[in-house]
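Visitor: I am new to reading protein models. Could you walk me through this one?

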Amino acid sequence: MNNEVIASAAVHELALGDNFTFDQLVGAVQRYRRRRLRIVELADLGAHDGLCAVWLMTPEEDLVLHAHSDSALHRQQFVLHELAHMILGHDFDHDPDGPDFLLPDIPPKTRRRLLRRQDLDTPEEIIAETLADHLAAAIRGSAMYRSRYLEIFG
Ligand SMILES: [Zn+2]
């Protein structure tokens with residue numbers, strides 16, 4: 001299966017239909033993983049080598065930390081990439097070179113994923129980015145649908 005097919009199948013599995021909002025997606029990921037998901041902006045993050053977002057697993061919850069960006073779309077893309085890893089079940093390994101500078105209090109084994117967007121060269125990163133694009137398109141579609149709806153019925 002190619003990445004487009006895998007990404008489409010993953011979106012289908014969320015059972016949200018073709019278009020959905022970001023909040024609906026977050027809800028679906030929490031149901032899917034049966035864990036709370038928190039998304040937190042960490043202003044320092046982007047300062048280091050283009051690291052845009054990181055997914056941390058604690059015993060209680062999934063935590064996505066993302067860099068600040070003045071563009072809401074960029075911020076959304078950072079987070080969607082991490083959500084894509086969650087949907088794809090990419091939590092079986094962890095990066096031993098995790099960001100010490102970032103969260104010195106968190107032991108290495110709880111640091112699961114980090115994203116260096118300039119370095120999208122592993123199969124996992126490429127499929128996550130493909131799925132993130134699909135998710136972004138579905139969210140865009142939802143926004144367009146709602147604005148059309150308001151135009152007609154608002
Ligand atoms: Zn990634």
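Visitor: Which residues coordinate the zinc ion?
Guide: Keep in mind that this is a predicted model. The donor atoms sit at 1.9 to 2.7 Å from the zinc ion.

Visitor: Why is the arrangement around the zinc ion called what it is?
Guide: Four donors count as tetrahedral if all angles lie between 85 and 135 degrees. Here the 4 donor atoms subtend angles of 53 to 141 degrees, so the arrangement is irregular.
The ideal tetrahedral angle is 109.5 degrees. The name for this site is therefore irregular.

Visitor: How many residues apart are His 81 and Glu 125?
Guide: The donor residues follow the spacing H-x3-H-x39-E. His 81 lies in helix H3 (residues 72-87), while Glu 125 lies in helix H4 (residues 123-153). The pair links distant parts of the chain, and the separation is 44 residues.

Visitor: Is His 81 buried or exposed?
Guide: Buried means under 20% relative accessible area. His 81 has 0% relative accessibility, so it counts as buried. Glu 125, at 7%, is likewise buried. For His 81 the word is buried.

Visitor: How many residues of strand S2 are buried?
Guide: Strand S2 covers residues 51-57. The strand is largely enclosed by the rest of the structure, because the buried count is 7 of the 7.

Visitor: Which residue in S3 stands opposite Val 54?
Guide: S2 and strand S3 (residues 61-66) run antiparallel, joined by 5 bridges. They form a hairpin with 3 residues between them. Opposite Val 54 stands Leu 65.

Technical notes. Residues are numbered from 1 along each chain as its sequence is written. This is a predicted model: local features need pLDDT of at least 70, side-chain atom pairs count only at pLDDT 80 or more; totals for chains, interfaces and linings use all residues. Side-chain values use heavy atoms; hydrogens and water are left out. Donors are N, O and S atoms within 2.8 Å of the metal (3.2 Å for Na, K and Ca); water is not among the atoms, so sites may look incomplete. Four donors count as tetrahedral if all angles lie between 85 and 135 degrees; four count as square planar and six as octahedral if opposite donors are over 155 degrees apart and all others between 65 and 115; anything else is irregular. Helices (H or I, at least four residues) and strands (E, at least two) are DSSP runs, numbered from the N terminus. Buried means under 20% relative accessible area, exposed over 50%, partly exposed in between (1.4 Å probe, protein chains only). Two strands pair if DSSP finds at least two bridges between them.
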